[in-house]
Amino acid sequence: MLGRESMETFVTVYGNITVRKLFAGPELEVLEYEYDEGYFYLVAPRSDSGVKTYEVRTGTLRLVAEGKELFPGDLVALESGGEDLHVHVNKGTRLLVHAYRVHALRGTLERMTATDAVLEAIQAKDNFTGEHSLRVQHLVRLMALRMGYSGKLLRHLLDAARFHDVGKVFVPDDILNKPDRLTPEEYEVMKRHVIDGDSLIRGKIEDGEHVWEIIVQHHEHLDGSGYPQGLKGDAISQSSGILAVADAFDAMTAERVYWPVKSVEDAVEELKRHAGLRYDRAAVSTLIEVLKDKGILE
Ligand SMILES: [Fe+2]
Ligand SMILES: [Fe+2]
């Protein structure tokens, strides 16, 4: 959707230019320029990092220095610090102008790259955790949509689901992949994944603070028997409650050679048994609805 349109005509020594503002955002401005016949300059961005593209919509435009003619669909891009471009336009020529502020985009790109790096780290460390995270995110999405999540809240919860076990990259391989039951000491090391992951999330991915608030509670239980803080009841966020149920379901039903895998029915029974004690009731019944809806559960 385009923003509110505004129109202004500028009288220049070269002739008139009518400028319509089609969209104005913090990172991008879209304008349309319409010219009288004459010589003009296409201006390079003045901010210290930006790009402006000029695309011919109608009419023709000639680059004076090169003598080259541009037609509808042709595009010129000018970077900040570059030369303005001297052009000749015919009457009625219209240009579509995109002005990007690159430094704003760069922040977003850096955050995206950081996110990719985190994902690669999980995958490389432990393929199972990588795939488990994807399945949990998928279930969480279906549950959250049913529970009315949207916008930022939904995005934070989905990122939390995707990264909930990211701290496992710090767990030594012999503990992470141990085929037998963990000793109490080893279990303590394993539990640290909900604390240690924060260095990979907070300040690293977009809205990392909010995403981490959800992740850090994904092993808390309503009755206070969870970790790391032993939080109770309302102290655990609804988002973490949803994540905890999807996580537990996948952990019980996913094939990992060395632990007995439960059937979907048995896993659901187990979740029901602990609903209201460990797990949020609404989250458990929503999971059951999702599984029935998908034909996974009768
Ligand atoms: Fe976990
Ligand atoms: Fe998990």
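Author: Start with a cut-off. Four donors count as tetrahedral if all angles lie between 85 and 135 degrees. Anything else is irregular. The model here is predicted.

Reader: What makes the arrangement around the iron ion (ligand 2) irregular?

Author: The angles do. The four donor atoms subtend angles of 76 to 174 degrees.

Reader: Which protein atoms are the donors of the iron ion (ligand 2)?

Author: They are His 132 (NE2), His 164 (NE2), Asp 165 (OD) and Asp 247 (OD). Donors of this kind must lie within 2.8 Å of the metal. These lie 2.2 to 2.3 Å from the iron ion (ligand 2), so they qualify. Along the chain their spacing is H-x31-H-D-x81-D.

Reader: Why can His 132 and Asp 165 be said to tie together parts of the chain?

Author: His 132 lies in helix H2, while Asp 165 lies in the loop between H3 and helix H4 (173-176). Those parts are 33 residues apart in sequence, so the pair ties them together.

Reader: Are His 132 and Asp 165 buried or exposed?

Author: Buried means under 20% relative accessible area. His 132 is at 5%, so His 132 is buried. Asp 165 is at 2%, so Asp 165 is buried too.

Reader: What are the donors of the iron ion (ligand 1)?

Author: Asp 165 (OD), His 193 (NE2), His 218 (NE2) and His 219 (NE2) coordinate this ion. Their distances are 2.1 to 2.3 Å. That is within the 2.8 Å limit, so they count as donors. In sequence they are spaced D-x27-H-x24-H-H.

Reader: Why is the arrangement around the iron ion (ligand 1) called irregular?

Author: Its four donor atoms subtend angles of 81 to 176 degrees.

Reader: Where do His 193 and His 218 lie?

Author: His 193 lies in helix H6 (residues 193-196) and His 218 in the loop between H8 and H9. The pair therefore ties together parts that are 25 residues apart in sequence. His 193 has a relative accessibility of 2%, so His 193 counts as buried. His 218 also has 2%, and is buried.

Reader: How do you know that the span of H3 agrees with its number of residues?

Author: H3 has 13 residues, and at 1.5 Å a residue they should span 18 Å. The end C-alpha atoms are 19 Å apart, which agrees. Buried residues of H3 include Leu 154, His 156, Leu 157 and Phe 163.

Reader: Which residues have the most contacts inside the largest nonpolar core?

Author: They are Val 140, Phe 249 and Leu 271, in a core of 41 residues. Several helices each supply at least two residues, among them H1 (102-125), H2 (127-146) and H9 (238-253). H9 gives the most, with seven residues. Phe 249 touches Leu 139, Val 264 and Leu 291, among others. Apart from this core lies another, of 19 residues, including Tyr 35, Val 56, Val 87 and Val 97.

Reader: How many aromatic pairs are there in the whole structure?

Author: A search finds four.

Reader: What kind of pair do the rings of Tyr 33 and Tyr 35 form?

Author: Their centres are 6.3 Å apart, within the 6.5 Å limit, so they pair. Their planes stand at 70 degrees. Over 60 is edge-to-face, so this pair is edge-to-face. Tyr 33, at 13% relative accessibility, counts as buried. Tyr 35 is buried as well, at 2%.

Reader: What kind of pair do the rings of Tyr 33 and Tyr 54 form?

Author: The centres are 6.2 Å apart and the planes at 65 degrees, so this pair is edge-to-face. Tyr 33 lies in strand E3 (residues 28-35) and Tyr 54 in strand E5 (residues 50-58), so the pair ties together parts 21 residues apart in sequence. Ring pairs link Tyr 33, Tyr 35, Phe 40 and Tyr 54 into a cluster.

Reader: Is His 88 buried or exposed?

Author: The relative accessible area of His 88 is 14%, under the 20% cut-off, so His 88 is buried. His 88 lies in strand E9 (residues 85-89). Its contacts include Glu 37, Tyr 39 and Arg 62.

Methods:
Residues numbered from 1 in each chain as written. Chains lettered and ligands numbered in written order. Predicted model: local features only at pLDDT ≥ 70, side-chain atom pairs only at ≥ 80, totals over all residues. Heavy atoms only, no water. Core = buried A, V, L, I, M, F, W, Y, C linked by side-chain atoms within 4.5 Å. Buried < 20%, exposed > 50% of the residue type's maximum accessible area, 1.4 Å probe, protein only. Helix = DSSP H or I, 4+ residues; strand = E, 2+ residues; numbered from the N terminus. Contact = heavy atoms within 4.5 Å. Phe/Tyr/Trp six-rings, centres within 6.5 Å; stacked < 30°, edge-to-face > 60°. Expected span 1.5 Å × (residues − 1). Donors = N, O, S within 2.8 Å, 3.2 Å for Na, K, Ca; no water. Tetrahedral: all angles 85-135°; square planar, octahedral: opposite > 155°, others 65-115°. Lists of a residue's contacts leave out its neighbours within four places in sequence.
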